[in-house]
There are 2 protein chains.
Amino acid sequence: MQQRFSYQREQIYAALQQTTEHPTAEMIYARLKPEMPRLSLGTVYRNLRQLAQDGQVTELSGPVARFDPVTRPHTHFCCTRCGAVSDLDIPYDGSLDQIAAGDGRHVRQHSLTFYGLCPACANENKSNSK
Amino acid sequence: MQQRFSYQREQIYAALQQTTEHPTAEMIYARLKPEMPRLSLGTVYRNLRQLAQDGQVTELSGPVARFDPVTRPHTHFCCTRCGAVSDLDIPYDGSLDQIAAGDGRHVRQHSLTFYGLCPACANENKSNSK
DNA sequence: AGCATTATTGGTAATTGTTACTATTACTTT
DNA sequence: AAAGTAATAGTAACAATTACCAATAATGCT
């Protein structure tokens, strides 16, 4: 008897699976709060951390943590203007990890993230800057 | 008349250039404090941010920000045990940015970071786990 | 050199994202 | 149904970072 069923955890995981925007803990909290008025933000953080430890979810590092229901490694795009994070269809090249090894390093994985302007923000910039 | 000379900013930049450990703001503060007893942590943060905006310094994203005096893009290795960050000699492939473009995205750059155990921590683990 | 202007600092307070704590709630087994 | 104990809600604590503001100091002018 170790891990119990929890309606909150289920809903948090479901909410994460239903979106592709790599939400923060706050975003998930905001989405669930209307339907679960007694939900606590701490519960969201606690369960996301637990899900990440269990390997059901990936945590993306950054000034504020974002979460991804896709656990197989893949590449991300991050808009430097609005902060949105999305997936890219660039294949994950696991062989890079071997290239990075050496000097006694143990390489487990890597993260590849592109930065720039998302379509929406690229348009905005065009109109505003003239 | 816009940007003035500042002894503090010079020292902060110099301290960053003299190391390869990608220090945090706190680490730079700790290094300079003995020689500059009146230095304020806020000043370190403020100047690092400014240097980053001016493109003299790169800010590495993570739960706590680290700084790099090398501004040309290159790859990093981050030890998941001790948190140390170091440089890797894997060449930066700028052509990836073109591959990542599409759907109206404007890709400016990318970041490639490897995760695993640094040599020291890999050894530690070996001895401790038996 | 002296003075006026204003970027920069130091010190502290405020903010933000996240974690810890604890009494209460609610799964699960018997 | 009762006992045992994960998990929650609510709040407090915490750590990293930013904002604020009076004092300081770099710059430009005379």
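1. Six strands make up an open sheet of mixed pairing, in the order E4(A)-E3(A)-E5(A)-E5(B)-E3(B)-E4(B). At its edges stand strand E4 (85–87) of chain A and strand E4 (85–87) of chain B, each of which pairs on one side only. From one strand to the next the twist averages 30 degrees. Strands, like helices, are DSSP runs numbered from the N terminus (E, at least two residues; for helices H or I, at least four). Two strands pair if DSSP finds at least two bridges between them. For the angles, axes are lines fitted to C-alpha atoms, for helices over the stretch in contact, and angles run from 0 to 180 degrees between N-to-C directions.

2. The model is predicted: local features need pLDDT of at least 70, side-chain atom pairs count only at pLDDT 80 or more, and totals for chains, interfaces and linings use all residues. Residues are numbered from 1 along each chain as its sequence is written, chains are lettered from A and ligands numbered from 1 in the order in which they are written, and side-chain values use heavy atoms, with hydrogens and water left out.

3. Within chain B, strand E3 (residues 76–79) and E4(B) run antiparallel and are joined by 3 bridges. B:Phe77 stands opposite B:Ser86 in E4(B). In general, strands of a sheet pair through backbone hydrogen bonds, either parallel or antiparallel.

4. Chain A superposes on chain B by a rotation of 179 degrees with 0.0 Å of shift along its axis, at an RMSD of 0.2 Å. This is the relation of a two-fold axis.

5. DNA strand C has 18 residues around it, and A:Tyr45, B:Arg4, B:Ser6, B:Arg38 and B:Arg46 come nearest. A residue is near a strand if one of its heavy atoms lies within 4 Å of it. Sugar or phosphate accounts for 71% of the atoms of DNA strand C within 4 Å of the protein, and bases for the rest.

6. Phosphate oxygens of DNA strand C lie 3.2 Å from a backbone N or O atom of A:Phe5, 2.8 Å from a backbone N or O atom of A:Ala65, and 2.8 Å from a polar side-chain atom of B:Thr43. Helix H3 (41–53) of chain A, with helix H1 (7–17) and helix H3 (41–53) of chain B, are the elements that give two or more residues to this surface. H3(B) gives the most, with 3 residues.

7. Around DNA strand D there are 19 residues, of which A:Ser6, A:Thr43, A:Arg46, B:Tyr45 and B:Ala65 come nearest. A polar side-chain atom of B:Arg4 lies 3.0 Å from a base nitrogen of DNA strand D. H3(A) provides the largest share of this surface, 3 residues.

Terms used
Polar contact = N/O pair within 3.5 Å; in protein donor to acceptor, adjacent residues only side chain to side chain. Least-squares fit on C-alpha atoms with pLDDT ≥ 70 in both.
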